[in-house]
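Take a walk through this structure in stages.

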Amino acid sequence: MSTEHSSTEHTGTPASSADTVAGLLGQIADVGRDPKRGGYSRPVHSDAEHTLREWFREQAARRGLDVETDRNGTIWAWHAPGGRRENAVVTGSHLDSVPGGGAYDGPLGIASALVAFDRLAERGTGGARAIAVFGEEEGSRFGVACLGSRLATGAISPERALALTDADGRTYAEVAERSGLDPTHMGPDPDTLARMAAFVELHVEQGRGLVDLGSPVAVATSILGHGRWRISISGEGNHAGTTLMTDRRDPMIAAGALVVRVRDLARAEPGARATVGRLQPIPGGTNVIASRVDVWLDVRHPEDAVTAALVEQIGAEASRLAADEGCTATLTEESFGGTVDFDAGLRDRLAARLGDVPLLPTGAGHDAGVLNAHVPTAMLFTRNPTGVSHAPDEGCEDTDAEAGAEALADSMELLADTASTAPERPLP
Ligand code: GLV
Ligand code: MN
Ligand code: MN
């Protein structure tokens with residue numbers, strides 16, 4: 001860990017407890033609004049995301065936390081009595097968004113963490129704790145989700161991460177460097193992982209689970225295995241007016257048919273979810289027959305082998321549909337993460353501590369899912385009254401947001417008790 005420190009000395013001073021989750025989110029309500037798509041577009045290392053990072057640093061400094069950005073671009077805000085950054089209970093989430101996303105996916109976890117730290121300071125809870133803000137959780141700019149936590153855990157190599165490009169062809173290396181990070185120092189960070197006794201992420205629920213259960217808060221059981229693939233269908237670029245309908249090799253026809261097949265194949269596989277949320281014709285002109293269409297595929301299933309088989313089937317269908325149009329298709333995996341089952345003992349202890357709140361699986365991906373293989377990890381969900389996420393209608397009632405922050409504080413207190421009695425883990 002290294003680099004920037006806030007100018008505020010670490011005093012451990014509790015901040016005013018007047019802040020509410022809704023109040024904190026209100027402070028950033030105008031940052032990154034997307035007038036075209038609606039909702040928020042806050043891609044990693046955009047001006048909007050940098051503004052949010054700065055807001056977080058200020059909020060953390062106000063609370064007397066020591067703030068630094070690690071070599072993978074994750075911001076850490078530490079409460080470390082005696083300067084001992086070890087055996088820490090860590091919470092965190094992200095500030096980047098999908099294009100046109102809601103207000104809560106990511107920022108709710110960060111605002112709740114700040115309020116939970118206020119509660120813990122008021123209660124005099126001891127031990128080291130930190131808030132982590134991970135970058136590119138959505139993968140909406142560089143295509144691979146949870147890039148910060150994947151880099152730290154070695155789930156992606158720095159070489160591959162740094163070569164990823166955004167829609168403007170800029171590499172992650174270039175963008176990270178322009179944002180003040182040193183790309184040559186990115187990669188696995190076992191020292192940082194070893195400082196964590198436990199990680200607990202609070203997130204807005206992204207479906208109707210809690211609405212249907214009538215509860216403001218739940219503890220997570222699992223994250224559905226999921227991945228992303230790119231199918232490129234190549235044909236012949238040509239003129240829309242002069243090329244007879246019988247003389248075309250139009251990849252858009254195959255792409256359109258493929259979108260429908262993806263839906264049908266996923267429907268035939270119980271428990272599967274498959275989505276084409278983005279496709280890009282090259283060059284993309286109204287009066288131009290595309291020479292290539294890139295189709296991005298998101299597939300999820302509890303059993304990783306079923307996901308693999310479904311993707312293979314979709315790839316075979318893409319080749320068949322492309323051949324029907326005189327085109328060719330290629331399939332490339334961009335990322336995959338298997339189904340994550342959170343530690344049942346930890347999960348049950350948290351649920352009991354929170355008053356026997358419900359247990360819920362999720363179909364959405366999170367940094368907690370990446371960290372789970374390295375650190376004892378848990379997740380909390382806060383009710384979303386609309387059940388909608390990755391869209392502007394995502395919601396969270398103010399009272400539920402406060403209940404979530406309180407539950408996060410209770411969870412961190414329980415984890416701090418456990419950490420204080422656990423045998424010391426040697427730093428590598
Ligand atoms: C992230 O929210 C995902 O599930 O893709
Ligand atoms: Mn999220
Ligand atoms: Mn998301």
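Patches are made of residues with over 30% relative accessible area and no salt bridge, where like charges are joined within 9 Å and nonpolar side chains (Val, Leu, Ile, Met, Phe, Trp, Tyr) within 5 Å. A salt bridge here is a side-chain nitrogen of Lys or Arg within 4 Å of a carboxyl oxygen of Asp or Glu. Accessible areas come from the Shrake-Rupley method with a 1.4 Å probe, and for residues only the protein chains shown count as cover.

The model is predicted: local features need pLDDT of at least 70, side-chain atom pairs count only at pLDDT 80 or more, and totals for chains, interfaces and linings use all residues. Residues are numbered from 1 along each chain as its sequence is written, chains are lettered from A and ligands numbered from 1 in the order in which they are written, and side-chain values use heavy atoms, with hydrogens and water left out.

M252, V259, V260 and L279 make a nonpolar patch of about 260 Å². Helix 9 (residues 251-267) gives the largest share, three residues. Helices (H or I, at least four residues) and strands (E, at least two) are DSSP runs, numbered from the N terminus. L279 sits in strand 9 (residues 273-282). L279 counts as partly exposed because its relative accessibility is 34%. The classes are buried, under 20% relative accessible area, exposed, over 50%, and partly exposed in between (1.4 Å probe, protein chains only).

Now turn to the metals. Donors are N, O and S atoms within 2.8 Å of the metal (3.2 Å for Na, K and Ca); water is not among the atoms, so sites may look incomplete. H94 lies in strand 3 (residues 88-94) and D105 in the loop between strand 3 and helix 3 (107-123), so the pair ties together parts 11 residues apart in sequence. H94 is buried, with a relative accessible area of 0%. D105 is buried too, at 6%.

Which residue bridges the two manganese ions, ligand 3 and ligand 2? D105 does, and the ions lie 3.5 Å apart.

The manganese ion (ligand 3) takes D105 (OD), E138 (OE), E138 (OE) and H390 (NE2) as protein donors, 2.1 to 2.6 Å from it. Their spacing is D-x32-E-x251-H. E138, in the loop between strand 4 (129-134) and helix 4 (147-153), and H390, in the loop between strand 15 (377-382) and helix 13 (398-421), link distant parts of the chain, 252 residues apart. E138 counts as buried at 7% relative accessibility, whereas H390, at 40%, counts as partly exposed.
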